[in-house]
Amino acid sequence: MFSKILIANRGEVAVRIIRACREMGIRTIAVFSKADRDSLHVRLANDAICIGEAPSSESYLNIPSIISAAEIADVEAIHPGYGFLAENPHFAEICESCEIKFIGPSPESIRLMGDKSLARDTMRKVGLPLVPGSKGVVKEQEEALRLAKKLTYPVIIKAKAGGGGKGMKVAHNDGTLVSAFMTARAEAESAFGNPEVYMEKYVKGPRHIEMQIVADSQGHVIHLGERDCSIQRRHQKLVEEAPALISKKLRQKMGEAAIKAAKAVNYQNVGTVEFLVDDDERFYFMEMNTRLQVEHPVTEMVTGVDIVKEQIRIAQGEKLSVTQDQVEQRCVAIECRINAEDPDNNFMPSPGKIETLHFPGGPNVRIDSHVYRGYQIPPFYDSMIAKVITWGPDRQQAITTMHRVLDEMEIGPIKTTISLHKRIMTNPTFLKGKNNTLFIEKLMETGKIQQEELAS
Ligand code: ADP
């Protein structure tokens, strides 16, 4: 059993992991950049080590620094959280070679799924449904034009090493394809150091539904049900909910497909298989994220399984704490990501000092956050400052509670996305459950968010 874990991350996820460790009686070592000296994860951990300058390339992505910290602190394991090094097979390998357990899947599984076009090929072989698209990467513009003709427009160009919606461009005709191909490659090069891209048919207005997988080292692989993450802006999730409004049959089919995907890469630990679902309930494999997801709390509230503790137990070689038959979707949960951004000014980042702060309590609320009154949000990292999760016996009640919480919540004077979430929670289309990935874009474009809010 682990007695000490290093958390190679910052922000709310570092706090989330420290909380799980505390409850499990495991000591924690936080690492921090010079900009995060006063961060909550530094205060809450048993010990903390500074690993470098503010830019993440010099701290949270600095493998030698993190490994040195782990060795000095003499930890048995490293939890990578999400983002930063969580899906870096090289980092997982180095941990292994230093005899530090990486709390996540093997470097091989990360590598197979991290290369998104290779993952498509692997999934094709085991019979998972895929969005029609290229076999492997598309190297030349001419090849892209030929393939787009075959697939018919619109098509989407995606980075092979992609993540976080970066390096992804939609094209509607030959003209826009040429520029989409070039900008996607340039974006991929600067974000991932790899310009390679592949192509898929662009599914119009699909739902993004993902299955949470849990797999131990003894060959048990189960799923904890699905999350609907269709409410996105620029391919980045804003609101997530569980369960999704899908038939029992589809849930079962997607669950089986996700387990098959995990088994195909000998997956261990927790992971998420993402699918696109069209209006006729046809689903297509999109990618697998080989880590903890930001939106894991909705699944925790619905199933009662603590996913972070499960990760640690699996890494310790323990058996899953539940069987597939014991997994039950007991309520409906919803999560809003609160970002320090101004939704009325093109989502401009709004770092700065938090002077007023009120996190509401009351029944059926969970707020995962690393901010406090007097906290200075550094400009160097992700803009997410809190996740609000509410739940209830049905979707309507979970939404009503969310609205109540958002109404009561105060974070100032910085700008946040709270106002946008309030508009979403009262939007008739959203209330009817008619979510798809175009929701935010359409409503922002037409200004209908405001109009419909007035009408409601
Ligand atoms: P990333 O790894 O960068 O998050 P994903 O492959 O998970 O990228 O896609 C992110 C989002 O982009 C999806 O949730 C969906 O909204 C949109 N998307 C991706 N592929 C397609 C597609 N073929 N058709 C329509 N939308 C897509």
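**Close-up views of a predicted model**

View 1. Gly 163 uses its backbone instead: one of its backbone N or O atoms is 3.4 Å from a ligand oxygen atom.

**View 2. Helices H3 and H4 side by side.** Here we have H3, residues 63–73, and H4, residues 89–97, with axes that come within 11 Å and cross at roughly 30°. An angle under 35 degrees counts as roughly parallel, so that is what H3 and H4 are. As for handedness, H3 goes past H4 in a right-handed crossing. On the H3 side, look for Ile 63, Ile 66 and Ile 67; they meet His 90, Phe 91, Ile 94 and Cys 95 of H4. Sorted by class, this contact comes out as 6 nonpolar residues and 1 polar one, with no charged residues.

**View 3. H5 running across H6.** The axes of H5 (residues 107–114) and H6 (residues 116–125) come within 5 Å and cross at roughly 95°. The two helices are therefore roughly perpendicular to each other. H5 puts Leu 112, Met 113 and Gly 114 into the contact, while H6 supplies Lys 116, Leu 118, Ala 119, Thr 122 and Met 123. The tally for H5 with H6 is 5 nonpolar, 2 polar and 1 charged.

View 4. Going from Tyr 153 to Pro 154, the peptide bond is cis, with omega near -5°. Pro 154 itself belongs to the loop that links helix H7 (141–151) to strand S6 (155–163). The bond from Ala 242 to Pro 243 is cis too, and its omega is near -10°. You'll find Pro 243 in the loop between strand S11 (236–242) and helix H9 (248–264).

**View 5. Asp 74 and its positive phi.** Most residues other than glycine have a negative phi. Asp 74 isn't a glycine, yet its phi is positive, at about 60°. To spot Asp 74, follow the loop between H3 and strand S4 (77–79).

Methods
Residues numbered from 1 in each chain as written. Predicted model: local features only at pLDDT ≥ 70, side-chain atom pairs only at ≥ 80, totals over all residues. Heavy atoms only, no water. Axes fitted to C-alpha atoms, helices over the stretch in contact; angles between N-to-C directions. Helix = DSSP H or I, 4+ residues; strand = E, 2+ residues; numbered from the N terminus. Parallel < 35°, antiparallel > 145°, perpendicular 65-115°, else oblique. Left-handed = near helix turned anticlockwise from the far one by under 90°. Contact = heavy atoms within 4.5 Å. Nonpolar A, V, L, I, M, F, W, Y, C, P; charged D, E, K, R; others polar. Polar contact = N/O pair within 3.5 Å; in protein donor to acceptor, adjacent residues only side chain to side chain.
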